[in-house]
Amino acid sequence: MTLRIPRRGMAQALALIVILMIDRLVSPQFFNLHLQDGRLFGSVIDVLNRGTPVALLSLGMVLVIATGGIDLSVGAVMAIAGATAASLADTHSLPVVIASALAVGLACGLWNGILVAVLRIQPIVATLILMVAGRGIAQLITEGRIVTFTSPDLVWMGNGAVLGLPTPVVIALGMLLLTAAVVRGTALGLLIEATGGNARASELSGVGTRAMILSVYVWCGLCASLAGVIAAADIMGADANNAGLWLELDAILAVVIGGTSLFGGRFSLVLAVAGALIIQAMNTGILLSGYPPELNLLVKAVVVLAVLLAQSPRLGDLSRFTARWRRTK
Amino acid sequence: MKALDGVDFTLGEGEIHALLGENGAGKSTLIKVVTGVFARDAGTIRLAGREIAPRSAKDAVDAGIATVYQEVNLLPNLSVAQNLYLGRQPTRFGVVREGEMKRRARALLLDYGLDIDVGAPLSSYSVAVQHITAIARAVDLSARVLILDEPTASLDRHEVEILFNVMRKLADRGIGIVFVSHFLDQVYEICDRVTVLRNGRLIGSREIAELPRLDLIRMMLGRELAETTHERAASQPDTAREVCVSFKNYGKQGYIAPFDLELRRGEVVGLAGLLGSGRTETARLVFGAERADSGEATIDGKAIKLSSPRDGASLGFGYCPEERKTEGIVADLTVRENIVLALQARRGLHRPLSRREQDEIAMRYIRMLDIRPPDPERPIGLLSGGNQQKALLARWLATSPKLLVLDEPTRGIDVGAHAEIIRLVRELCEQGLALLVISSELDEIVTYSNRVVVLRDRAHVEELKGEAVEVSSILAAIAADTAPAQEAAS
């Protein structure tokens, strides 16, 4: 199993560095770290920590998008999983709590996967159903209240530390390695890319495209539920209305920034996570700069535009054209 | 490859002119150039002596060239009247005059022999009515030339008759009609002249009355027969050869009539017939890309399950489809990944081919088949058609198949690669593979086939063996009793 960062990762690495440099300009203490109670603190750690939910979502999302699909329900799945975890936290042990939340995420992913792979509903519509219904389900679980808990075990999931790093960051890192092992350690990666690149051709080559598609939605649901547990653990409670709200859009954005085409095909796990960190580094930077957080949305829009322009085939043609023009001169 | 190579085409006033050719012959390209969808890089178009240069479909319509495609380009949820007058509704003070519009629409369609409620949505009518509506709209936009692209493909006999009456009426009014179809009976029934294209070149333009059916089919399929002497495949069909798979009464309703077919190791079976005769359909059933609803397939007397490409692949079958771009290659992936795809799919997720194994397999076939450029890491979409075809062959050869089904393996590839693929087919056969090959090039089929199955109207009609495998006998079988059928129909 290899975690190759292809040459095409240059743009993302550069973007991340530029944004971190800008962060350093607006906040001179940006790169400062200090150790307190066995846990590292600092703005960089903040970026990693706050970026965890979107990074986890993007790990599932990138696979879904690689098959040419999309999953709009991940934010709602986060809310359902968070609500499940929060309502069980004070009465059950941590393994039971996490297992239940993950099982819920798995069920959600299976639902989406069946709609898309078996019933052949367009992914955007199929997952819209759970995006809308999911918040309702989460509210049914919390009975319309914000469920709080005190279980120190679950709180550790959001606020603890492992070897000085915040627990969520360690979990996200673990998930990245696990996903990479599953996807690149087996033939799954190749078969997903083939399915996304040309589903007809893949099927005629004997690829079980239906199983491929089903499995990526299941994995996406699983990642989303883990993100939901961490989000709930972080605030020591589950808010069915706001947990994971609009995060599906950030996750899609992270995948796109990571260079995976919405048409499916080639994908990169590492770059999707890098995309999530780029987004979070922007968010944190604007918070630190003291500009109103509303500005965040505008900046994000500009970044999206820049990324999409950079990927536009039309622009590629244009640059080749100008290059030729320059040569002929 | 040129899509269209110096073709002349003349359409007279009031003439119904058939434009014929197999897939990839250049019919669609010619139509698209004339209607301004594609830009031409040489030649002129004259309409009534005046040179025109349509740059878009709208330009062509303005000049008087209207086109009705097989898939009607109208709005099914609007009424017939609205469809006829869309964008040019009669108005008074800016308000559409519904009544006036319906009255005019009704009068217009009565002229075509259609007496229908023009206020009903277009989708509530049959495809024939939709076609005539589309034609009426096109002609009403002052068309002088009407191009009908496969208008009868989804019509029944009676509806075809209605459409033909309309066409005759329009021709009497002096409108020139181009009729694209692969139904030869219909061509003989309605057309005055016929122009045949093949591989983007003009084969000829004849008066239909002076062109026997056999000659027409020869124009469409054969090369200049006198010039080619065939190096024939082993002409003795050896029944002692081991049977690879046999199909009994195998078919699917509305797709292809039940057929019997036995494929043996070390033998090439060719499928010959016109476009739409059921060749591709047979191939897809044999591979499992389509599920049969009658008959059974057996290997060594045991019935086999063959209901998906996965079943076919796991039985050791391989299939290179005709539509290379949409059903064959995964354009963004590399040549290496495309080559190992079928083998990896068969091995399953848990036994991934290591990168070194993939490189070895890719390089072995790149060398063996001389795929160029010999770079396994190049996206396959950047290769030429012939090299893509070789890579697809490699994809299946890597699985060490027992049976290969090749649908038009030489279509759209240059002459050099063409000869190589034919040589490969023979070589694979000698190595003991069973092959089922479709081709529109009859002399090509004759070159490599031990047996040839001839198809017509979605049914297997004849099987030629040994000495009988000749271009002339295949042509005769294709043309055989369509002539009596035509007389019966008219």
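**Exercise 1. A leucine in chain A**

Start with L214(A), which lies in helix 10 (residues 209–235) of chain A. Work out whether L214(A) is buried or exposed in this predicted model, then find which residues L214(A) touches beyond four places in sequence.

*Solution.* 
- Step 1: Count the other C-beta atoms within 10 Å of L214(A); there are 20.
- Step 2: Compare with the cut-off: a residue is buried if 20 or more other C-beta atoms lie within 10 Å of its own. L214(A) is therefore buried.
- Step 3: Leave out residues up to four places away in sequence, and L214(A) is found to touch G113(A) and A117(A).
- Step 4: Now take L115(A), which is 99 residues from L214(A) along the chain; the two C-alpha atoms are separated by 9.0 Å.

**Exercise 2. Strand 11 of chain B and its partners**

Find how strand 11 of chain B pairs with strand 12 and with strand 14, and name a bridge partner in each case.

*Solution.* 
- Step 1: Take strand 11 (residues 243–252) and strand 12 (residues 256–264) of chain B. They pair in the antiparallel sense, with six bridges.
- Step 2: Look for V243(B); its bridge partner in strand 12 of chain B is R264(B).
- Step 3: Turn to the hairpin that these two strands of chain B form, with three residues between the strands. Here G254(B) has a positive phi near 70 degrees.
- Step 4: Move to strand 14 (residues 294–299) of chain B, which pairs with strand 11 of chain B over four bridges, again in the antiparallel sense. In strand 14 of chain B, E296(B) is the bridge partner of K248(B).

**Exercise 3. Where the chains meet**

Describe the side of chain A that touches chain B, by helix and by residue class.

*Solution.* 
- Step 1: Count the residues in the contact: chain A gives 20 and chain B gives 24.
- Step 2: Find the largest share. Helix 8 of chain A provides it, with six residues.
- Step 3: Sort this side of chain A by class: eight residues are nonpolar, eight polar and four charged.

**Exercise 4. Confidence**

What ipTM and pTM does the predictor give the complex, and where in chain B does pLDDT fall below 50?

*Solution.* 
- Step 1: Read the scores for the complex: the ipTM is 0.86 and the pTM is 0.78.
- Step 2: Check chain B, where pLDDT averages 86 and 93% of the residues score at least 70.
- Step 3: Residues 224–230 of chain B form one of them, with six contacts beyond four places in sequence. Residues 483–490 of chain B are also below 50, and this stretch has six contacts beyond near neighbours in sequence.

Definitions and conventions: Residues are numbered from 1 along each chain as its sequence is written. Chains are lettered from A and ligands numbered from 1 in the order in which they are written. This is a predicted model: local features need pLDDT of at least 70, side-chain atom pairs count only at pLDDT 80 or more; totals for chains, interfaces and linings use all residues. Two residues are in contact if their C-beta atoms, placed from the backbone, lie within 7 Å. Ala, Val, Leu, Ile, Met, Phe, Trp, Tyr, Cys and Pro count as nonpolar, Asp, Glu, Lys and Arg as charged, and the others, Gly among them, as polar. pLDDT is the predictor's confidence in each residue, from 0 to 100. Two strands pair if DSSP finds at least two bridges between them. A residue is buried if 20 or more other C-beta atoms lie within 10 Å of its own, exposed if 12 or fewer, and partly exposed in between; C-beta atoms are placed from the backbone.
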